[in-house]
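Welcome! Please take a moment to look over the sequence and the model, and then we will walk through them together.

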Amino acid sequence: MNQAHLHLIFNHVPIVGSLFAAVLLAAGLFKHNLTLTKAGLIAVLAAGLFCLPAQLTGEGAAAIAQQLPRTSRALIHNHEEAAELGFWALEGAAALALFGLLLLKGASPKARLLALLALAATLLSYGLLARAGNLGGMIGHPEIREGFGTPDEL
């Protein structure tokens with residue numbers, strides 16, 4: 001198993017995890033259910049933690065992907081840039097979730113506001129990570145590229 005294989009295993013978790021966490025957190029907030037809200041915040045935190053291995057295996061995967069036929073440096077660069085943006089958005093959401101959990105524990109009235117901010121940041125990170133995943137898919141799956149089979153696809 002090489003870095004590219006590890007990267008492919010790990011990179012799906014933050015995408016699906018951030019969506020799951022956002023749905024769980026939204027359900028808790030909109031139903032005014034403290035248990036679901038806490039579970040949603042914990043799920044955001046977990047998604048943020050699971051994003052770390054995907055980020056850490058990216059460079060090794062890029063080195064391997066550069067050797068693949070029909071793969072340009074531009075494809076890899078676009079994926080890297082999008083993934084880094086999504087990574088930092090999810091890490092920010094995880095930080096908000098952690099602070100939200102601490103405020104919930106202390107029964108602070110600002111806990112709901114922080115949980116709403118964590119939800120917004122998680123939704124943003126999901127969109128950014130889904131885009132990064134799509135761009136990453138174009139590296140190993142040339143058939144999903146626009147213009148596949150033409151000289152312009154690279």
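In which helix is the place of serine 125? Serine 125 sits in helix α6, where helices (H or I, at least four residues) and strands (E, at least two) are DSSP runs, numbered from the N terminus. With a relative accessibility of 0%, serine 125 counts as buried; buried means under 20% relative accessible area, exposed over 50%, and partly exposed in between, with a 1.4 Å probe and protein chains only. Apart from its neighbours within four places in sequence, serine 125 is in contact with Ser18, Gly86, Ala89 and Leu90, contact being heavy atoms within 4.5 Å.

Before going further, a word on what you are looking at. This is a predicted model, in which local features need pLDDT of at least 70 and side-chain atom pairs count only at pLDDT 80 or more, while totals for chains, interfaces and linings use all residues. Residues are numbered from 1 along each chain as its sequence is written, and side-chain values use heavy atoms, with hydrogens and water left out. The score called pLDDT is the predictor's confidence in each residue, from 0 to 100. For the protein its mean is 88, and 91% of the residues reach 70 or more. Confidence is lowest in α1, with a mean of 79, and highest in α2, at 96. Where pLDDT is low, the predicted coordinates should not be read in detail.

Now step back to the whole chain. The secondary structure comes to six helices and zero strands, so the order of elements from the N terminus on reads α-α-α-α-α-α. The C-alpha trace spans about 60 × 30 × 20 Å along its principal axes. Of the 154 residues in the protein, 41% are buried. Among contacts between residues at least 6 apart in sequence, 73% join residues at least 24 apart.

Two packed helices are described by the angle between their axes and the distance between the axes. Helix α1 covers residues 3-10 and helix α2 covers residues 12-30; their axes come within 5 Å and cross at roughly 10°. Here the axes are lines fitted to C-alpha atoms, for helices over the stretch in contact, and angles run from 0 to 180 degrees between N-to-C directions. The two helices are therefore roughly parallel to each other, a label for angles under 35 degrees, whereas those over 145 count as roughly antiparallel, 65 to 115 as roughly perpendicular and the rest as oblique. Where they meet, Leu8, Ile9 and Phe10 in α1 touch His12, Val13 and Pro14 in α2. By class, this contact has five nonpolar, one polar and no charged residues. In this scheme Ala, Val, Leu, Ile, Met, Phe, Trp, Tyr, Cys and Pro count as nonpolar, Asp, Glu, Lys and Arg as charged, and the others, Gly among them, as polar.

Leucine 8, in helix α1, is exposed, with a relative accessible area of 52%. Asparagine 11, in the loop between α1 and α2, is buried at 18%. From asparagine 11 to glycine 136 is 125 residues in sequence, yet their C-alpha atoms are 9.5 Å apart in space.

Follow the chain onward to the loop between α2 and α3, where you will find histidine 32. Its phi is near 55°, a positive value in a residue other than glycine. Most residues other than glycine have a negative phi, and most peptide bonds are trans. Histidine 32 is exposed, with a relative accessible area of 62%. Alanine 107, in the loop between α5 and α6, also has a positive phi of about 55° although it is not a glycine, and alanine 107 is exposed at 64%.

What about threonine 37? It belongs to helix α3 and counts as buried at 7% relative accessibility. Leaving aside neighbours within four places in sequence, threonine 37 is in contact with Leu25, Gly28, Leu29, Leu104 and Ala115.

Finally, turn to helix α4, residues 58-65, where Gly58, Ala61, Ala62 and Ala65 are buried. They cover an arc of only 105° around the axis, which puts them on the same side of α4; the arc is that of the directions from the helix axis to the C-beta atoms. Their cover includes α1, α3, α5 and α6.
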